[in-house]
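Welcome! Let's take a friendly walk through a protein model, one topic at a time. Have a look at the sequence and the structure before reading on.

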Amino acid sequence: MNSILDVVVRSLCVYLFMVIAIRLFGKNQLSQLNAGDVVLLLLISNAVQNAMVGPDTSLQGGLIAALVLFVANFLLKRLMFSNHSFETFMEEDPIILIKDGVVNEKGLNKVKITKDELEEAIREHGVEKIANVKLSILEVDGNISVVSEDDESKQTHYSRIKRKNKRKYH
């Protein structure tokens, strides 16, 4: 097999392996990296580098491997967009954490978020207490959305903050 085709096939195999591994070991972790996750990703990238390019350590080999990864990722996203059942397999549904001021304990347990972390998240959204939350959802991307109601005006407020230190859940 020629050198370029070898790099393409190896890169595709590594990409597919990584997508499957991410799905099996916690599929939202890329949007919710903590320090341990960053270290893991760095070590994995170092471990699979040679598996992708093999003996071809040239600039051309590296660029081809990167191009294959970009194309494979683009195609995966397209497939997820066009095929709902595949998207459902790859991404979990959003999870309701609070509804009408009542905490969904099952939801918290499923996503491994403590009540203290939930309270911190709602305070980040400017809501003082859980009782004031009409709806709080852990979104697919790992962010927590909060819909609250102002006690005085009875007006609903929606806020969604991108968290710097997101929780990892499975």
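Predicted model: local features only at pLDDT ≥ 70, side-chain atom pairs only at ≥ 80, totals over all residues.

## How confident is the model?

The protein has an average pLDDT of 78, and 79% of the residues score at least 70; pLDDT is the predictor's confidence in each residue, from 0 to 100.

Residues are numbered from 1 along each chain as its sequence is written, and side-chain values use heavy atoms, leaving out hydrogens and water.

## The overall layout

The secondary structure consists of six helices and five strands. These are DSSP runs numbered from the N terminus: helices are H or I with at least four residues, and strands are E with at least two. Along the sequence, the pattern reads α-α-α-α-β-β-α-α-β-β-β.

Of the 170 residues, 34% count as buried; buried means under 20% relative accessible area, exposed over 50%, and partly exposed in between, using a 1.4 Å probe and protein chains only. Among contacts between residues at least 6 apart in sequence, 54% join residues at least 24 apart.

How do α1 and α3 pack? Helix α1 (residues 3-24) and helix α3 (residues 59-82) meet at an angle of about 45°, and their axes are 9 Å apart. That makes α1 oblique to α3. Angles under 35 degrees count as roughly parallel, over 145 as roughly antiparallel, 65 to 115 as roughly perpendicular, and the rest as oblique. The axes are lines fitted to C-alpha atoms, for helices over the stretch in contact, and angles run from 0 to 180 degrees between N-to-C directions.

Residues in this contact include Ile4, Val7 and Tyr15 of α1, along with Ile64, Val68 and Leu76 of α3.

## Two residues with positive phi

Asp100 has a phi near 50°, a positive value in a residue other than glycine. Asp100 sits in the loop between β1 (95-99) and β2 (102-103), and is exposed, with a relative accessible area of 54%.

Lys112 has a phi near 60°, again positive in a residue other than glycine. Lys112 lies in the loop between α5 (105-111) and α6 (115-124), and is exposed, with a relative accessible area of 52%.

Terms used:
Contact = heavy atoms within 4.5 Å.
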